[in-house]
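Notebook open, model loaded. I'm jotting down what I looked up, residue by residue and then strand by strand.

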Amino acid sequence: MKIKLVTVGKLKEKYLKDGIAEYVKRLGRFTKFEMIELPDEKTPDKASHLENQQILDKEGNHILSKINDKEFVIVLAIEGQQFPSEEFSKRLSDVTVRGFSDITFVIGGSIGLSTAVKKRANLLMSFGKLTLPHQLMRLVLVEQIYRSFMIQQGSPYHK
């Protein structure tokens, strides 16, 4: 199994990089993990709806270029479904049972995601209605993926 995380924007904060690196190291015993950071497009202050849409479309095209047809795609979006950790773990396990060996997660940029990316998703997922920085969301997601594998193993980590 391979898990890929496609994100928009560069991670700058050392403490977040360190946290993600720790969970990626822990994930190594379960799966191959790859993180792809795509450049974010510059958004002018007080951008018009049309300008924002053009930025979303451009970022969306970059995201879609990193996804192939055989990947199961989970897009993080505020309107997505919410799951407790146990259900998230079961969903990831079920994906592999359904014949997918590659799972790709997508976190968009500061103004969101294009409709095309959301349409490509096999699952829209939300971590709640709270607004979190996209960089912090990466760490939270990678920890939850690790937790998912630990739940599947019956590990006390989840307690």
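I started with Ser85, which is buried at a relative accessible area of 17%. My cut-offs: buried means under 20% relative accessible area, exposed over 50%, and partly exposed in between, with a 1.4 Å probe and protein chains only. Ser85 sits in helix α3 (residues 85-97). Helices (H or I, at least four residues) and strands (E, at least two) are DSSP runs, numbered from the N terminus. Leaving out residues up to four places away in sequence, I found Ser85 touching Gln144, Arg147, Ile151 and His158; contact means heavy atoms within 4.5 Å.

A note on provenance: this is a predicted model, where local features need pLDDT of at least 70 and side-chain atom pairs count only at pLDDT 80 or more, while totals for chains, interfaces and linings use all residues. Residues are numbered from 1 along each chain as its sequence is written, and side-chain values use heavy atoms, with hydrogens and water left out.

Next I checked strand β1 (residues 2-8): 6 of its 7 residues are buried, so the rest of the structure largely encloses it. β1 pairs with strand β2 (residues 32-38) in the parallel sense over 7 bridges, and pairing takes at least two DSSP bridges between the strands. Lys2 stands opposite Lys32 of β2. On β4 (residues 102-107), β1 also pairs in the parallel sense, over 6 bridges, with Phe105 as the bridge partner of Leu5.

Last entry: Lys58, in helix α2 (residues 49-64), is partly exposed at 44% relative accessible area. I put its C-alpha atom 23 Å from that of Lys70, 12 residues apart along the chain.
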